[in-house]
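Have a look at the picture first, and then we'll go through it.

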Amino acid sequence: INALGGTKAVASALSLNKSSVSCWRKRGIPPTHFANLARLASEKGVSAVTLEALSAMAGPATPSEELRE
């Protein structure tokens, strides 16, 4: 979040509430937002934030997450 300009910038870029993005700092980033964050990072030239890096941070999917995919 910081690498992409902070809570307000990420929320604005993804058309989300600042409070939603702020909660990600405590609860983690929902996997449904990984692709958009990776795209945003690419647009901003932030090479450390990739779909692979975000996925690795999330760890293995839980059974309920696997069912949603």
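Let me start with a term: a nonpolar core is a set of buried Ala, Val, Leu, Ile, Met, Phe, Trp, Tyr and Cys residues joined through side-chain atoms within 4.5 Å. Buried here means under 20% relative accessible area, exposed means over 50%, and partly exposed lies in between, with a 1.4 Å probe and protein chains only.

Before the details, a word on where this comes from. This is a predicted model, where local features need pLDDT of at least 70 and side-chain atom pairs count only at pLDDT 80 or more, while totals for chains, interfaces and linings use all residues. Residues are numbered from 1 along each chain as its sequence is written, and side-chain values use heavy atoms, with hydrogens and water left out.

Now the overall picture. The chain has 5 helices and 0 strands, where helices (H or I, at least four residues) and strands (E, at least two) are DSSP runs numbered from the N terminus. Of its 69 residues, 25% count as buried.

So what sits in the largest nonpolar core? There are 13 residues in it, and Leu4, Val10, Trp24 and Leu37 have the most contacts inside. The elements giving two or more residues are α1 (7-13), α2 (18-27) and α3 (34-44). Of these, α3 gives the most, with 4 residues.

Setting aside neighbours within four places in sequence, leucine 37 is in contact (heavy atoms within 4.5 Å) with Leu4, Val10, Leu14, Trp24, Ile29, Val49 and Leu54.

Next, how does α3 pack against α4? On the α3 side we find Phe34, Ala35, Leu37 and Ala38, and they meet Leu51, Leu54, Ser55 and Ala58 in α4. The axes of α3 and α4 (residues 51-58) come within 9 Å and cross at roughly 140°. Those axes are lines fitted to C-alpha atoms, for helices over the stretch in contact, with angles running from 0 to 180 degrees between N-to-C directions. The two helices are therefore oblique to each other; under 35 degrees would be roughly parallel, over 145 roughly antiparallel, and 65 to 115 roughly perpendicular, with the rest oblique.

Last stop: glycine 6, in the segment before α1. Is this glycine buried or exposed? Its relative accessibility is 12%, so glycine 6 counts as buried. Leaving out neighbours within four places in sequence, glycine 6 touches Ile1 and Arg25.
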